[in-house]
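Please find below a colleague's note on the structure shown here. The points are numbered and may be read in any order.

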Amino acid sequence: MSSKDKKNINDNSNKEASKENAGKNAVDVRAGKLKLFSISSFIILLVIVLALNIIFSLKINNTSIDDYLTYDMSATGQNSVSDISVTYINSLPADTNIRIVGLFDRPANLKDTPYEYIVPLLDDYVSNSQGKLTVEYINPTTYPSIITELDPDGVYDLASSNNYVVYVNGKIIQINPVECFTYDPEYLQYGYYIPTSNIVEQKFTSAIVNLTQGYTYTAYFVTGLGEGTHEQLSNMLSSMSIGSEEIMASDNFTIPSDCSLLILNGINTDITDSMSSAIKDYLSHGGKIIVSVNFFSTNVSESFPKLNLLLSNYNICIQNALIIENNPGYQINNDSYNTLIDVSADYIDFAGGASSLRNSYARPVTEADSPYNYVQVAPLFVTSNNASLCTYDPATDNLVQNVVQGQYSVGMYSTFTGTPTPPDVYVFGTNTFTSDDYISNFGFNDSNVVFTRNIIRKMLKADDSVFVEGKALSDYSIDTQKINTNTTTILTFILVAFLPLGLIIAGVVVYNKRKNL
Amino acid sequence: MLAIYKRELASYFRSPVGYVAMALFSFLSGFLFINQYGDGMVNISTEIMSLTSFFVVIIPVITMGLFAEDKKRGTEVIFYTNPISMFEVVLGKFFAAITLIAILFINVFIHMIITAFSGGVVNVGTWGSVIVYFCLAILFTSIGVFASSISDTQIVSAIICFVTILVIQLLKTVSTLASAGVTSLLSSSVFKLEPDAINRASNNVANAIAWFSPFTKTQDFRYGVFSISPLVFCLSMALLFLFLTYRILEKKRWSQK
Amino acid sequence: MIEITNLVKRYGDIKAVNGISFTVNDGEVLGFLGPNGAGKSTTMNIITGYLSSTSGSVKVNGHDILEEPDLAKKCIGYLPEMPPLYFDMTVLEYLNFICDLKKVPKNERKEQLASILSMVKIVDMADRLIGNLSKGYKQRVGIAQALVGNPDILILDEPTVGLDPNQILEIRKLIRKLAQKHTVILSSHILSEVQAVCDRVVIINKGKVAAIDTITDLSTKLSGSTKLSLSFKGPEKDVVNNLRSIPGVTNVVSVVSNADTSIHQVEITAQSDSKSDVRASVFYTMSKGGWPMLEFRSLDPTLEEIFLSITSA
């Protein structure tokens, strides 16, 4: 063995000599190969990863693969255009050209702004429009010419509006992003905008429908009777292709001939004599009217004698009293003024299948004593059998409760039989069907609002109208009945103090235990 | 891989690091939750989104030691001289860090349960936020693993990781600044460009920079609007960083230095 | 079996290892001897796959470390210069982790760990934290780590450095025990250590192999001359002259001389072969002169002297 080793040494020294001569920088080729493999494999992966991601976001005809691989699983599909709109846009002729122009730079940061529900939705419109619809963002400060392009006559004040403009064949409708939502009215009065539902698609689709079709009907709101606003109801009508106009209550009140529907929305004072005769005349020619009145501090002493006189022709009477619900099963949050009312069997379909609806500070709407058989009158909603009434005593400025319990009707429908043009009269003893407050608070999907929409549909035979439901934004409030200050305090202690401290202690214990092993 | 994973995960709980991280996270998340809970409105998505902005601190702490400590202690010899692939080592350490981040997330699950019992909302958007949390965690952890592999001390690796995540968080702001910069540069009379062209150029710059932001890509998840590309982006980028880490460790096999 | 051919490792312009070739046969204990900075650790790191080589090849049981690293690494248990220990784990936790890493089957694990623990004598330390162990025990845990998975080949880099003499003896005993079942490569910068445990020795200096020899051959080569150290009380000149006249003594050099106490120390270089031993003659010379010997011992040759004697032989 030793001889072999010696030979090794000799070999070694020979090789060394030759090696040093051969070249000082001789490096194992295998190392070079490994290096090449290492670098090239990384570069290949880098290219694949970048290519994959770029392919996903590459836009061809304004749509990318990612748009097809986007799944809107939110309960209401906030950022997806619904089938109703898609079907309508598909039904338009191929050469239709709808321009939606945002008169501002495309918002970069969508998060927590109204645009987070608008910008993606408009993009979805484009990808579903088969090229009939385009969305542009053009800032008029950079391109002033856009204003005259959209509004050559200068009718609208577009320059400073920051609105969206829907433009079809020279006609435009402006849409204010802020108005694409309904807000919680309770917070609104303090200046906070807490959105309750998203009506972006409703706004844009009805604008598209109205620009491509024109309004089919016109509804007139009577103003000047201490009534509430009607912005939300107008939105709803607009989405049903019904335009909204106003007429002032006055002594020489006339109803325009194009009036398809007259609305007295939450009035607080009585009508005038001329109104009474004009409305009677209007109804005798097949007119349609919706009246809503409630019993509230603004109108406790108003008994609406002239209105009741008018309504007595249709066998309806609005009483000057407040309904008190004594049945706890009908009370909402143990409140005997904000209660549930049962929908009459014939009208359950109108309420979208709901058998009970909400009412608030309601007056009883009962049958009058009309002797005529041709008057067909039916209650729309009734209270439980345990409701009672209370009336206002101006002498003491107090409400006086009547102990007698019974069932009261809160809404009535009346029409005539045997005439070619029967009137349609709907009277609500509560404002929970038509008021802005209510619609803002509960959104367009609420059963009460659905009910209102369905009776308007029925009256105006507007069944084919394109209506997109408002999309409820999630309500993140927790059930206040289940938590109180105690539970909150306990949870605060557990989550912010005990749990972290416990973990720290556990850490210290483990550390000390192991330190001395 | 399992051997490395088990050791790394256990080591988080042998030293105070894991406990401090858990305590810190449960305090933070608990504070965010109680703040909302006291107001009677709980949106778990908001809580999760706020927590993801703490990744910039949490992830460097969790990942800084993964490779740097082995290099300092000389224990990396074990990985090189045993029949185990370096990629397994990288994955084992990476998954250990991810598991710790998932353990931290148990806090949020507790909050979700409390919310559900209190009649609050735990909806598809909440789960979308959970997906975003883990996607970002995977991406940032892979960056932390990478940072740990290219530096010899924990502090340096933590700083590299911190800065990288910070830049990613600020990409949106950076893109706005860059676009403003491009606009003012091109607007100078030297170029004589149409305002339209300037606008387009600055928009393109902004979009190109913002394209890399995983926050922008995943912002719709919290509303329950899911898309595939942000997931592909986060996971593929994470894979890229892990592979790069693997290559850097493998360098010892052929490096002449 | 390990075959190392023409191994070169260059750091910039410096060649840490410059064309080393040798073969380690199955079952032998190979000493890897060289001064600090000779390239011992670099060579061992390359053999175990921890470092890359600039050129040359390492084959472990026929598997090239660069081309089939997993198969090659499977055969090796390695204790680097600095034992790769996690100070925050207990001995048992750590060894279990190594078992996981080396994929030791679950059913064999308990038995294997028990035998390793008792072999390196750390049974009592099994549940202690590694960070709290003494240097000697840490070294044993390092050896235990290399033994996990029962590899054919053990590579131990300076296993006794920094230990106290007692611990050194223990570790040497352990290595001899291990040598019964494993091929062992052991690096050291101390000749006596290599002589104590190895069958064969590779001596390297400045990145090159200076000699490869069996221990017996090495001894013969080194036996050409002996060095002795002697302390005595008496007149220095007389003593030195008398010592020089002893047959076989080639040189006497004064190391320490103190005229006040007349205690001196000298180094005697002598030709040594089996026939004549100068040590007896030195004793008689000193006693005849009436000079008391205070200390008399033979000196181990330094590495430099070994290289000198090897290259001159």
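**Note on the predicted model**

1. Asp100(C) is buried, with a relative accessible area of 18%; buried stands for under 20% relative accessible area, exposed for over 50% and partly exposed for values in between, with a 1.4 Å probe and protein chains only. Asp100(C) belongs to helix H3 (residues 91-101) of chain C, where helices (H or I, at least four residues) and strands (E, at least two) are DSSP runs numbered from the N terminus. Leaving aside residues up to four places away in sequence, Asp100(C) touches Ala3(B), Lys6(B) and Arg109(C), a contact being heavy atoms within 4.5 Å.

2. On conventions, this is a predicted model, in which local features need pLDDT of at least 70, side-chain atom pairs count only at pLDDT 80 or more, and totals for chains, interfaces and linings use all residues. Residues are numbered from 1 along each chain as its sequence is written, chains are lettered from A and ligands numbered from 1 in the order in which they are written, and side-chain values use heavy atoms, with hydrogens and water left out.

3. Chain A contains 14 helices and 25 strands. Of its 517 residues, 50% are buried. Among contacts in chain A with a separation of 6 or more, 71% are between residues 24 or more positions apart.

4. Chain B, for its part, has 14 helices and one strand. Buried residues account for 57% of the 257 residues in chain B. Of the contacts in chain B between residues at least 6 apart in sequence, 77% join residues at least 24 apart. The accessible surface of chain B is about 9600 Å², with 72% belonging to carbon and sulfur atoms.

5. Which residues of H4(B) are buried? They are Phe55(B), Val56(B), Ile58(B), Ile59(B), Pro60(B), Ile62(B) and Thr63(B). With seven of the nine residues of helix H4 (residues 55-63) of chain B buried, this helix is largely enclosed by the rest of the structure.

6. Helix H5 (residues 65-73) and helix H9 (residues 124-150) of chain B pack at an angle of about 20°, their axes 6 Å apart. Axes are lines fitted to C-alpha atoms, for helices over the stretch in contact, and angles run from 0 to 180 degrees between N-to-C directions. On the H5(B) side, the contact is made by Gly65(B), Leu66(B), Phe67(B), Ala68(B) and Lys71(B), and on the H9(B) side by Val145(B), Ser148(B), Ser149(B) and Ile150(B). These residues divide into five nonpolar, three polar and one charged; Ala, Val, Leu, Ile, Met, Phe, Trp, Tyr, Cys and Pro count as nonpolar, Asp, Glu, Lys and Arg as charged, and the others, Gly among them, as polar.

7. Gln130(A) is not a glycine, yet has a positive phi of about 55°. Gln130(A) lies in the loop between helix H5 (115-127) and strand E5 (133-137) of chain A and is exposed, with a relative accessible area of 58%. Phe304(A), also not a glycine, has a positive phi of about 50°. Phe304(A) sits in the loop between strand E13 (288-292) and helix H11 (305-312) of chain A, and at 0% relative accessibility Phe304(A) counts as buried.

Definitions and conventions. Areas by Shrake-Rupley, 256 points an atom, 1.4 Å probe, with all protein chains shown as cover.
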